[in-house]
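Hello,

Here is the structure I promised to pass on to you. Please open it beside this message, and then read on for what turned up in it.

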Amino acid sequence: MKDCAPLLLDWYLKNKRELPWRRDKDPYHVWISEIMLQQTRIEAVIDYYHRFMEKVPSIQALSEISEDELLKLWEGLGYYSRARNLKKAACMIMEKYHGEFPKNYHDILSLPGIGEYTAGAISSICFNLPEVAIDGNVMRVYCRVTDSDLDISDLKVKKEIGEKVREILPKESGDFNQGIMELGEVICIPGGVPKCEICPLRFHCMAHVNHRETLIPRKIVKKEKLEEEYTLFLIKYKNTYALRKRGDGLLKNMWEFPNENGFLTMEEVKGKIKNIKSIQSSITNTHIFTHKKWFMNSYLIEVSKKDPSYEWFSLEEIETNCALASAYMPFLEAIKKSTE
Ligand code: SF4
């Protein structure tokens, strides 16, 4: 693996993708991009990143933004606790570090929402500190190059790989960390067959030499997702629609259409919603979270009187001001279609 470090560095410097957060080594830019990239593909993040930087160009601006505005900017990216933690961390930087992003690993790690991987990435990329950043890409490349059957879902294994990678970390730690991650994203890919024929490590990679590259990393049987069923009420009064804010837990403080557990029949819905003028079945949709799967059914309902327990918004207001969780977006589209 030691021989791989210079090859990887050389390959990265010649082949790295032009990405907006790579234009400088400003820790604010790297931080925001790293948080957005958690659980989200690079192509999907680029537009969000530009929009975010336009509206929230600095740590101070992030510390001052309202939660509603922040969630609206994050709408569609999912995992909204990431956005809330960004704001908390920005407030902490303003208070504790006078608005300047901390420059050592442990201070960076102490910020809300920043784990070992992100702290390692920021420390090495922005400050060239000798820190590793171990994610799924790095573990996959490491296991393939060393032809190892380690179970990468095991936290002890992650730590072990971190220690091994640290032993070969060159002084250009930021470029090395980005290089190994990039190799995992574009060449030593997770699904399908890795592109060994164009890989800079192919003559040193033991899995490739032993024709075992597609068997590594070891496949782990994933736990079943928890399945839940909901009925959504898409309630219209004149030109407004009913929404309510979610409480604690998943999608906290995001807006949602009123709903109830289970798939309700039309008769059951009529027993729950007051002052119905008309009701019709609308779309069904499934939304998949990390540990949950929501099956959703819906009814388009027109009422003659507003229920004051909901907030009422026009379609335009919902689209511009309300952070509606992406699970509900297909239902917003169904409402729009019904008004055409
Ligand atoms: S040679 Fe193939 S398996 Fe080995 S690191 Fe490169 S792409 Fe991955």
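A word on terms to begin with: helices (H or I, at least four residues) and strands (E, at least two) are DSSP runs, numbered from the N terminus. This is a predicted model, in which local features need pLDDT of at least 70 and side-chain atom pairs count only at pLDDT 80 or more, while totals for chains, interfaces and linings use all residues. Residues are numbered from 1 along each chain as its sequence is written.

First, the overall picture. The protein has 15 helices and eight strands, and its C-alpha trace spans about 75 × 50 × 35 Å along the principal axes. Of its 340 residues, 33% count as buried. Here a residue is buried if 20 or more other C-beta atoms lie within 10 Å of its own, exposed if 12 or fewer, and partly exposed in between, with C-beta atoms placed from the backbone.

The domain assignment gives domain 1 (4–215) and domain 2 (226–339); such bounds come from an automatic or database domain assignment. The centres of the two domains, taken over C-alpha atoms, are 36 Å apart. Eight residues from domain 1 and eight residues from domain 2 make the contact between them, where contact means that the C-beta atoms of two residues, placed from the backbone, lie within 7 Å. On the domain 1 side, the touching residues are two nonpolar, two polar and four charged. For these classes, Ala, Val, Leu, Ile, Met, Phe, Trp, Tyr, Cys and Pro count as nonpolar, Asp, Glu, Lys and Arg as charged, and the others, Gly among them, as polar.

Now to the ligand. Which residues come nearest to the ligand? They are Cys-188, Cys-196, Cys-199, Cys-205 and Glu-213, out of 15 residues around the ligand. A residue is near a molecule if its C-beta atom, placed from the backbone, lies within 6 Å of it. By class, this shell has 10 nonpolar, one polar and four charged residues. Helix 9 (136–145) and helix 12 (206–209) each supply at least two residues of the shell, and helix 9 gives the most, with three.

Eight of its 10 residues are buried, among them Val-138, Met-139 and Tyr-142. The buried residues of helix 9 pack against helix 1 (4–15), helix 10 (155–167), helix 11 (173–186) and helix 12. After helix 9 comes Asp-147, whose phi is positive, near 50 degrees.

Another pair to find is helix 2 (residues 27–37) and helix 8 (residues 116–127), whose axes come within 10 Å and cross at roughly 150 degrees. Axes are lines fitted to C-alpha atoms, for helices over the stretch in contact, and angles run from 0 to 180 degrees between N-to-C directions. Helix 2 contributes Pro-27, Val-30, Trp-31, Glu-34 and Ile-35 to the contact, and helix 8 contributes Thr-118, Ala-121, Ile-122, Ile-125 and Cys-126. That contact has eight nonpolar, one polar and one charged residues.

Why does Leu-77 count as buried? Because Leu-77 has 20 C-beta neighbours inside 10 Å. Leaving out residues up to four places away in sequence, Leu-77 touches Met-36, Thr-40 and Tyr-48.

Enjoy exploring!
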